[in-house]
Amino acid sequence: MSAIDRVTDPLERFTQAHAARMAAAVIVSVIAFLWLPIGVLVFMSFADGGVLSFPPDELTLRWYREFLTNDAAIDAIVTTLTISIPATGITVALSTMIAYAIDRYVFPGRSWLQLLATLPIIVPLVVTGVAMVLFFKGTLGLPDYVAVVIAHVIRTVPFATLVILPTFLSFDRGLEEASKDLGADEFETFRQVTLPNVFPGVVAGGLLAFTLSFNEFVYTYFVKGSGDPTLPVYIWNQIRYNVTPEVNVISVVFLAVAVSMVLAAVSITRVELIAQR
Amino acid sequence: MSLLRVRGLTKEFGDLVAVDDVDFDVEDGEFVSILGPSGSGKSTVLRMVAGFEEPTEGEIALDDVGIVGSPPFERDVNMVFQDLALFPHLTVAENIGYGLKQSGVPADERRERTEDMLEMVRLEGYGDRTPSELSGGEQQRVALARALVNEPALVLFDEPLSSLDRKLRQHMQGELQRIQLETDTTFLYVTHDQEVALAVSDRLVVLDDGRIQQVGTVEELYEAPESRFVADFIGDVNAVEGRVTAVEDDGIAINTGDEAVTVPRTTAEEVAVDDAVDVCIRPFQVRVESADADGSDADAPADTDGTFSTTGVVRSRSYQGSDSQYGIETDRWGRLSAEVRSASFEIDDRVTVAWDAADVHVYRRDGDGSPGGDGGS
Amino acid sequence: MPESPSSTDEPADGSGDELATDGGSTAGVDGRMSGLTTYLRERPRLRTLAIAGPPYGILVLFFAIPLLAMLVVSFQADQIGGAWTLHNYTDFLTSETYLTVVWRTFLISVQVTAIVAAVGYALAYSIVRFSRRTTLLLLLVILPFWTSYIIRMYAWINILQSDGVLDSLLDLAGLPALGLLYTDTAVLIGFTYVWLPLAVLPFYASLTNLDGDLIEASKDLGAGPIRTFLSVTLPMTINGVVTGIVLVFIPTFGSFITPRLLGGTNNIMIGMVIENQFKSAFNWPFGAAIGMVISVVVVALLVVAMRLGGGLFGAGGETA
């Protein structure tokens with residue numbers, strides 16, 4: 001430890017000596033900061049006294065019962081699903097095509113395609129939202145439903161591509177050569193070799209796209225006309241105008257969807273691979 | 001009629017000529033290796049035979065039928081890939097049965113032939129495992145079985161053994177030879193590793209910079225290399241610089257310093273008076289004797305009657321089983337290496353170094369490496 | 001075993017179609033698909049167009065063109081198709097109220113970015129250098145990012161409102177209530193909460209790619225942990241830092257949800273002004289012009305970031 005002996009600054013010495021403990025403190029406190037509010041939400045969904053009182057007088061399932069008999073909330077969930085499910089399907093198809101094209105082909109505009117598939121993440125949501133309502137409604141006069149589904153596709157394609165592209169890039173194309181060498185043509189090779197190997201990444205991309213679409217608010221808020229709100233828009237209205245404890249229950253629904261989808265996605269791919277790319 | 005006939009094969013990638021006018025044949029039942037350093041174009045040749053690359057020019061015929069232009073899945077050749085390319089999502093048995101499935105072999109026959117093949121490569125009972133559960137050597141066997149089970153006319157190998165450690169590689173070499181004999185299949189094997197190529201091949205095709213340097217049996221290449229490149233690449237070689245002073249019917253006089261030595265005409269490619277040449281000699285053909293033992297003069301002249309000799313000092317030694325390899329700093333020709341059996345010298349010992357003129361091979365320096373005379377000793 | 005290829009059961013001259021259908025798998029579809037793949041194999045341009053064309057077209061038509069349309073509309077008076085005018089811009093840029101809002105938005109965005117960068121980097125560094133359970137920890141960090149943004153804001157309403165969780169706990173401890181909801185502090189907390197997971201990913205990625213030997217080499221050469229961090233670790237991970245900063249600053253600058261839900265009525269941000277134009281004032285061209293103003297700020301930031309950190313769009317990969 002001669003290197004340490006040469007350091008004379010007491011602050012440097014202190015840092016060296018206590019680095020592990022400081023790191024543990026940072027990890028514990030930040031993760032607590034991230035999860036305590038979520039814990040509070042879940043806890044408050046069982047609180048009897050309503051949103052405004054803490055600690056609650058007693059715990060109850062009353063808000064869950066009210067949620068299940070609340071047609072407006074159930075309708076909002078159905079509306080969301082009728083948008084999110086087709087949007088997810090379209091997104092998975094498009095993102096798979098993007099990943100395949102970028103991985104396999106060299107063509108003019110290839111880097112533009114990659115840029116276009118990344119930009120919606122970077123352009124502020126409110127800007128894209130405004131642009132979409134102007135063009136979809138003002139210029140094209142698209143019906144509400146079509147406009148919202150397209151908006152969700154634009155919102156989810158970049159994220160799905162980010163998940164699907166690495167699985168194509170890391171897929172060993174030698175396997176396709178081996179398959180063709182053994183007598184399988186292009187279609188059989190795609191069906192029997194390529195697809196089974198990239199499938200986890202494609203499914204993970206789809207799960208995350210669905211989660212994102214289920215939670216999507218800003219584009220929907222701008223593009224969609226009044227009436228038949230999606231669940232996030234319904235929640236927004238609830239919070240802004242008449243908060244009921246039921247909102248806590250809906251929060252738990254959102255949480256359950258997000259956690260189960262993300263855990264499913266993570267279990268079939270490796271989250272680190274995505275993060276390290 | 002050759003099983004595989006390659007004529008005028010050329011492949012250009014943009015300005016780069018990766019394979020340049022290559023001709024060779026592979027006979028039925030042969031084990032032929034394409035040997036060359038990395039970047040020599042050997043893998044490209046293999047990939048053109050397999051159908052993964054289209055030649056820019058030239059012809060490839062399998063069993064007298066041209067196959068250029070047909071996709072890989074329609075060619076009656078199977079490849080053992082460098083990284084093996086075992087399907088990670090399939091079991092060992094499914095990997096081996098993959099080709100049979102593509103050609104419509106019914107499931108029970110497929111199972112039977114897969115079992116037979118597992119037995120052939122000594123992996124009975126491994127069928128239900130996945131490739132990731134196998135060791136490197138076992139994976140090699142699966143890749144081999146996967147290619148062989150289809151009973152192709154020709155099996156191609158793209159350096160599959162290069163990832164194995166030396167011991168396992170030697171073992172697999174033996175296995176390859178055994179399986180080739182048992183199945184009576186034709187093998188075309190690509191490698192940069194001369195040790196592997198020499199050990200397993202009936203014939204070798206030596207490739208450098210996209211061009212064929214020499215085609216022949218192991219003995220021919222080792223004993224009569226047609227170019228300095230082949231001499232260097234197949235086994236070790238010492239080179240002594242010299243200049244041709246006379247070309248006679250019975251020999252060529254070469255001055256390697258003070259005086260000329262006459263070497264047999266057959267050892268040289270076409271040379272003319274005043275050509276700069278390399279006189280090459282294999283380390284095992286170099287004789288080493290203690291210089292002090294018989295008190296001979298320390299600066300013996302180069303003999304003109306058919307022997308090269310000089311004196312020097314031992315600078316390094318390494319044991320190689322029964323032989324010892326010595327690095328000797330000679331007074332006349334710089335550093336040379338010698339492989340000597342049953343003799344023991346110490347570092348700094350003074351020694352005499354000699355070899356027969358009949359054993360040398362002479363190559364023009366700065367030559368284009370084109371083969372000239374027959375060579376041979 | 002047969003020596004000659006003619007005795008093998010695979011026709012050397014068979015076409016792709018025959019192989020696929022002979023292959024024993026189901027009939028018609030495979031055969032047709034094989035015919036199609038054979039057709040496309042011989043026409044590589046068409047094949048590329050068939051794969052890359054649809055997503056390209058959709059992204060251009062429904063993402064790039066709308067942004068251009070917004071630029072056009074921002075020069076029109078009162079409504080789409082109105083007379084050409086510069087008024088939307090001159091009105092905005094000469095209004096002290098709006099310029100104050102832009103400045104406020106900028107200040108808040110800078111504060112949020114600084115807080116998130118510091119905390120996020122400390123977290124990523126701690127995970128990479130001092131933890132073995134990186135996958136689990138990373139998962140715990142990013143999971144909250146995938147729940148609804150509004151729900152996460154709502155959680156903080158629960159906590160920060162007067163008589164909410166925080167104040168009640170302070171009361172139990174005998175401390176005075178803070179009543180943080182509808183203050184700038186609440187807005188900062190809310191932004192920090194939503195962007196922290198997003199920023200940790202690029203920090204984490206750049207730190208894992210950093211060779212740990214470099215840090216040990218620096219210490220071996222006599223630099224303490226702090227000087228090592230400043231002279232080796234931070235410079236070598238600057239790309240990740242820049243990416244994280246961009247990923248936090250840009251959405252903060254355009255946000256309206258967090259200030260609307262957590263901020264007070266005086267704490268206006270520029271995103272809320274746009275929302276107003278579309279949800280109550282119904283002056284779309286003016287909204288479009290403000291959208292352009294935000295875009296200009298964003299582009300300026302991106303240019304600076306590119307200069308500092310290089311490959312931004314490669315780094316976009318870390319946002320999932």
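Two strands pair if DSSP finds at least two bridges between them, and helices (H or I, at least four residues) and strands (E, at least two) are DSSP runs that are numbered from the N terminus. The model shown in these views is predicted, so that local features need a pLDDT of at least 70 and side-chain atom pairs count only at pLDDT 80 or more, while totals for chains, interfaces and linings use all residues. Residues are numbered from 1 along each chain as its sequence is written, and chains are lettered from A and ligands numbered from 1 in the order in which they are written.

**View 1. A hairpin in chain B is formed by strands β12(B) and β13(B).** Between these two strands of the hairpin lie 4 residues. Strand β12 (residues 252-255) of chain B runs antiparallel to β13(B), and 4 bridges join the two. B:Asn255 has B:Ala260 of β13(B) standing opposite. In a regular strand the side chains alternate between the two faces of the sheet. For strand β13 (residues 260-263) of chain B, the covered face holds B:Val261 and B:Val263, whereas B:Ala260 and B:Thr262 belong to the uncovered one.

**View 2. Chain B is assigned two domains, domain 1 (4-228) and domain 2 (237-364).** These bounds come from an automatic or database domain assignment, and the C-alpha centres of the two domains of chain B lie 40 Å apart. The C-alpha trace of chain B spans about 80 × 45 × 35 Å along its principal axes, and the chain contains 8 helices and 20 strands. Two residues are in contact if their C-beta atoms, placed from the backbone, lie within 7 Å; among the contacts in chain B with a separation of 6 or more, 65% are between residues 24 or more positions apart.

**View 3. UniProt records annotate stretches of chains A, B and C.** Such annotations may be inferred rather than shown by experiment, and their feature names are shortened. An unreviewed UniProt entry gives "domain: ABC transmembrane type-1" for residues 77-265 of chain A, a span that is 83% helix and 0% strand, with its end C-alpha atoms 22 Å apart. For chain B, the unreviewed UniProt entry lists "domain: ABC transporter" at residues 4-234, and this span is 36% helix and 27% strand. In chain C, the spans that the unreviewed UniProt entry lists as "transmembrane region" include residues 177-207 and 282-304. Residues 177-207 of chain C are 77% helix, with end C-alpha atoms 40 Å apart, while residues 282-304 of chain C are 91% helix, with end C-alpha atoms 34 Å apart.

View 4. The predictor's confidence in each residue is given by pLDDT, from 0 to 100, and chain C averages 80, with 84% of the residues scoring at least 70. Over residues 1-29 of chain C the pLDDT is below 50. Where pLDDT is low, the predicted coordinates should not be read in detail.

Terms used. Buried ≥ 20, exposed ≤ 12 C-beta atoms within 10 Å, placed from the backbone.
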